[in-house]
Amino acid sequence: MTRFTRTLHFEQAPPLAIPLAFFLTAPVALGCAGVVLAASGAAVLGTHWLPLTIGLAHLLTLGFLGMVMLGALYQLTAVLSGNPVPAVRLAHGVHVLFTLGVATLCWGIARSEPGLVFASISALFLSVVGFSVPVAVALLRAPTQSQTTRGMRLALASFVVAVAIGLWMAHGHAGMRFPGVRSLWIQVHASLALIGWVGGLISSVSWQVLPMFYMSKRIDPGLQRALRLSIGLLITLPTAVLLADYGWGVARTSAVPARIAAVATLPALAIVWVWHPLATLRALRARRRKRRDASALFWQTGLACAPLVAATGVAAWCWPDPRLMLLFGWLALFGWAGMIVHGMLTRIVPFLVWFHRFAPVAGTQPTPSARALLPNAWAERSFALHSATLVIGCIAILAGADLPARVLGLALVGVALALAYMLVRVSVRHPEAAPAD
Ligand code: HEM
């Protein structure tokens with residue numbers, strides 16, 4: 001047992017079926033995104049304002065990334081903070097409602113069907129409340145007040161505020177009034193969701209998971225503190241700007257509120273997409289155990305994409321070329337976060353299956369190791385597919401042509417199938433059927 005695993009509380013972990021249900025739904029959403037792209041071609045890649053593009057973006061942000069992150073938080077809150085999530089069986093209802101909510105939101109916005117968007121608002125509201133209240137209670141009462149626990153709290157707070165803004169904006173697609181200046185609301189919603197929620201969770205979990213799984217060096221505590229402060233600023237100032245816009249319409253006549261919101265985002269952007277990835281890449285390079293491991297490759301490639309995300313994000317804000325905004329979204333969702341989430345799944349799912357099913361019988365019968373449940377060659381194939389799809393996506397966006405867009409759709413379906421195959425093959429393993437290592 002290392003000094004890192006000693007601080008973990010595996011006895012608090014929720015039943016395996018809970019994280020697995022979320023994880024197994026994620027490739028379905030990815031596959032749907034691929035089908036939509038393959039069927040629509042370049043029509044999706046005109047500008048990010050198109051309803052179909054917004055629907056597609058949320059298949060990735062909520063259906064793929066969100067599904068994995070919600071499932072992982074049930075597990076991580078218990079194991080990393082030492083406090084189990086209360087009423088954890090509620091998670092099954094959350095999973096069903098969240099899946100329905102994401103499907104109806106994406107379909108409703110893409111096809112401009114107000115009834116469906118209304119249904120999605122109710123389902124998403126109920127599922128996010130059912131998820132965030134118990135998880136917040138567990139994180140607030142956690143006996144372990146580590147940097148990771150505090151980071152997870154801020155990530156959750158960012159998620160809740162981003163969802164509230166998202167649901168408010170969704171009324172604009174359900175035949176009602178949009179709450180304020182559209183570009184400002186999207187800017188605050190997307191930065192809270194991408195930087196505060198996705199970035200906050202990836203960073204704070206990396207501090208504990210990377211030393212544990214890859215024997216990497218510990219991350220500078222100064223970076224951890226800076227991240228917390230910057231996400232705190234990201235949540236408070238831009239949200240205050242939105243409230244002022246909603247109450248007094250301050251952004252309708254002046255560009256200053258949008259600039260204040262953008263400047264308040266910059267510190268968190270620099271930390272999540274530049275400082276954290278560079279520091280983490282250095283820590284991974286200096287790791288003690290350097291055996292061939294596809295999940296580490298996923299992490300390294302995702303982290304290497306992060307500075308490109310920052311650069312395209314700033315470029316998209318300065319130059320009004322619609323391709324820059326699409327490229328930014330693609331690199332952020334499928335390059336940076338998508339790579340890391342995909343890599344984590346290849347590591348966490350075998351570990352959970354081993355922990356719940358094989359660890360209790362270890363010593364009484366031959367059991368495979370957690371790593372043997374998912375052969376590295378499968379994960380390497382998945383990594384190659386994901387990387388090729390990332391490149392095809394960049395080409396399709398820059399070219400804006402029909403053929404590369406359709407090829408990208410098919411490639412996305414391929415990534416989804418490869419991921420689903422791995423997850424299903426691992427999750428059906430039981431001790432009786434397991435050959436000895
Ligand atoms: C319940 C949760 C959410 C809802 C209801 C929601 C809703 C929306 C809506 C309605 C828009 C478009 C606004 C418009 O038409 O101008 C939008 C844009 C956007 N959202 Fe969300 N959102 C949610 C969660 C998220 C999350 C978790 C992320 C990222 C991780 C995210 C990222 C984005 C991005 C990047 C855009 C801009 C997309 C584009 O311009 O094509 N959203 N969201």
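In this predicted model, helix α2 passes helix α6 in a left-handed crossing. The axes of these two helices come within 12 Å and cross at roughly 40 degrees. Angles under 35 degrees would count as roughly parallel, but α2 and α6 are oblique to each other. On the α2 side, the contact is made by T61, L65, M69, L76 and L80, and on the α6 side by A193, V198, L201, V205 and Q208. Sorted by class, this contact of α2 with α6 has eight nonpolar residues, two polar ones and no charged ones.

Helix α2 has another partner to look at, helix α4, which spans residues 114-140. Here the axes are 10 Å apart, and the packing angle is about 15 degrees. That angle makes α2 roughly parallel to α4, and the crossing of the pair is left-handed. From α2, the residues involved are L70, L73, T77 and S81; from α4, they are F131, V135, A138 and L139. Six of the residues in this contact are nonpolar and two are polar, with no charged residues taking part.

Next comes the pair α1 and α3, made up of residues 17-40 and residues 90-110 respectively. Their axes come within 9 Å and cross at roughly 15 degrees, which makes α1 roughly parallel to α3. As for handedness, α1 passes α3 in a right-handed crossing. The α1 residues that make the contact are I18, A21, F22, T25 and A29, while A91, H92, H95, T99 and V102 come from α3. By class, the contact of α1 with α3 divides into six nonpolar and four polar residues, again with no charged ones.

The ligand comes next. It is surrounded by 28 residues, and the closest of them are H48, T61, G166, A190 and A193. Two of these names have already come up: T61 of α2 and A193 of α6 also belong to the contact between those two helices. Three helices each supply at least two residues of the shell around the ligand, namely α2 (51-81), α5 (147-170) and α6 (182-214).

Stepping back to the whole protein chain, the count comes to 14 helices and zero strands. Read from the N terminus on, then, the order of elements is simply α-α-α-α-α-α-α-α-α-α-α-α-α-α. Along the principal axes, the C-alpha atoms fill a box of roughly 70 × 50 × 40 Å. How does the radius of gyration of the protein chain fit with that of a compact globule? For 437 residues, a compact globule would have a radius near 22 Å, and the protein chain has 21 Å, so the two agree.

Technical notes
Residues are numbered from 1 along each chain as its sequence is written. This is a predicted model: local features need pLDDT of at least 70, side-chain atom pairs count only at pLDDT 80 or more; totals for chains, interfaces and linings use all residues. A residue is near a molecule or strand if its C-beta atom, placed from the backbone, lies within 6 Å of it. Helices (H or I, at least four residues) and strands (E, at least two) are DSSP runs, numbered from the N terminus. Axes are lines fitted to C-alpha atoms, for helices over the stretch in contact, and angles run from 0 to 180 degrees between N-to-C directions. Angles under 35 degrees count as roughly parallel, over 145 as roughly antiparallel, 65 to 115 as roughly perpendicular and the rest as oblique. A crossing is left-handed if the near helix is turned anticlockwise from the far one by less than a right angle, and right-handed if clockwise. Two residues are in contact if their C-beta atoms, placed from the backbone, lie within 7 Å. Ala, Val, Leu, Ile, Met, Phe, Trp, Tyr, Cys and Pro count as nonpolar, Asp, Glu, Lys and Arg as charged, and the others, Gly among them, as polar. The radius of gyration is taken over C-alpha atoms; the globule rule is 2.2 Å times the number of residues to the power 0.38.
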